[in-house]
Amino acid sequence: MAVKFSGLASGLDTDNIIKELMKAERMKVDKVKKQKTKLEWRKDIWKEMNKKLYSFYTKQVYNLRSKGTFMKKTTVSSNDSIISAKANVNAAEGTHTLTVTQLAKASFLTGDKITKDKDNNDIDVEASTKISELLDFGADTEKMISITTQKNGGTPVEITIGKDDTMAQIVYNIKKAVEDVNISFDSNFDRVMMSSKNQGEDVKLQVGGDANLIKALGLEGKVGTDGENSIFTYNGTELVSDSNEITVNGLTLTLKAKGDVNITVNQDTQAMYDNVKDFITEYNKILVEINEKLGADRVVGYEPLTQDEKKAMSEDDIKLWEQKIKDSLLRRDDILTSLVDSMRSIVGSSSGVDTSGLDYRYLSELGIVTGKYTEKGILHIDGDEDDTLYAAKTNKLKEAIEQDPEKVADLLNAIGDKLYSKMQEKMKSTEISSAFTFFNDKQMDNQIDDYKDRITVLEDKLTSIEERYYRQFTAMEKAIQMMNSQSASLASMLGGSQ
């Protein structure tokens, strides 16, 4: 850094002069910084928009493809304390008769009461009691216990018990090792209690391992009860299962007690209507947001603020200023325009949708229509009570669902398939965009890096220019100082000669 002479000889405020000169030079850097800031804001806005679009794609559009989304069915049990039921899309509508004659059972094993310690003294066993208080391990530090859950051919699971293990730790170790067993130590009754998680006639709990350890735990000679299958008659045919949770002919049944039950299955037309309406609601939400961004007002004369410009404004004014810019950054965005055009043509006009063999080809045939041109593709349901402009019209969608819900579902699924594939195609990874993104995130990152490099180069150049200014002014100050010195000497000489 050169020595600075700040106007000592000239009387000029050289620092201020250079500062003003540098303002003009700094405008080039500020311009690039503003471009970088706008691009960063644009990327952030796109990321938020991408998040919403991806959520719409994975939830609403994905569900639109599935018949199960719309073909909901209701079930009514004549006695829910005997059997409760749910119906999937394949369940036959009508009344199903069932008789439960036997419930499936698990295997249960209850240990003897533990009353004596290793010295045959009375003991009150707690969860914190160590096994070494109940059993003399001698020179051993650990012993083994095994659990078998199957009646025939089951493989014993071996569990190692350390001499310092408490009753609580023993229970934890067995639970961890044998996933299909429930086990606890009941300190109220001082007993180990076990049951199989599975049910059925093949289930039977058995305990093996070190005889002394088994005896200390109150399990000597103990064998679990026999598991049992459930037996029930479904529409006249006796069926057997190793569980009380049964799926038969599209029905998921929970057997709870013996007895006779009728299960009535009906198409849930209201649920189907609600699901269609939910999709349209979410579709409209995303469409409104996209339309607002694409149609935002053009912002003229607004650029990101420099630090000096911010100093002259309040925080509220800065927020308003920056928000005005951000609101306009996706105005007429090519990618977003292409996406929304595809969405509107697929949903509104069945463009590219395979409707061959379908009874309905367009949503408009179901009374799902677009409004005024200015709404830009927003959908309405004729007769929708929540839509004041369309509430008075005949609700064709409800009528179609009540007449034949499957035909309605066929068109919705076909539109869902096309919309899903189109959005998937637009999210493919390319050289300029990552997978699962609708915008060119890679390209933006590269552009932001380029701006950073340009800013670094321009900042270095600014430093060089400022140093040059200081060198030039310093040289000027030296020259003036020398001239002043010579003038003083000359004046002194002339004054001395008079």
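Predicted model: local features only at pLDDT ≥ 70, side-chain atom pairs only at ≥ 80, totals over all residues.
**Exercise 1.** What kind of aromatic pair do Trp 46 and Phe 439 form, and which parts of the chain does the pair tie together?

*Solution.* Start with the background: two aromatic rings are described by how far apart their centres lie and by the angle of their planes. The structure holds 9 aromatic pairs. In the pair of Trp 46 and Phe 439, the centres are 5.3 Å apart and the planes make an angle of 10°. Planes under 30 degrees apart count as stacked, so this pair is stacked. Next, find the two residues: Trp 46 belongs to helix α1, while Phe 439 is in the loop between α10 and α11, so the pair ties together parts 393 residues apart in sequence. Finally, check burial: Trp 46 has 1% relative accessibility and counts as buried, and Phe 439, at 3%, counts as buried too.

**Exercise 2.** Is the pair of Phe 56 and Tyr 283 stacked or tilted, and where do its residues lie?

*Solution.* Look at the geometry: the centres are 6.5 Å apart, with 40° between the planes, and the pair is tilted. Now locate the residues: Phe 56 lies in helix α1 and Tyr 283 in helix α5, so this pair ties together parts that are 227 residues apart in sequence. Phe 56 is buried at 3% relative accessible area, and Tyr 283 is buried at 1%.

**Exercise 3.** Which residue lies over the face of Tyr 420?

*Solution.* First place the ring: Tyr 420 forms one aromatic cluster with Tyr 54, Tyr 57, Tyr 62 and Phe 436. Then look over its face, where Arg 65 lies at 4.1 Å from the ring centre.

How values were computed: Residues numbered from 1 in each chain as written. Heavy atoms only, no water. Phe/Tyr/Trp six-rings, centres within 6.5 Å; stacked < 30°, edge-to-face > 60°. Helix = DSSP H or I, 4+ residues; strand = E, 2+ residues; numbered from the N terminus. Buried < 20%, exposed > 50% of the residue type's maximum accessible area, 1.4 Å probe, protein only. Lys NZ or Arg CZ within 6 Å of the ring centre and 35° of its normal.
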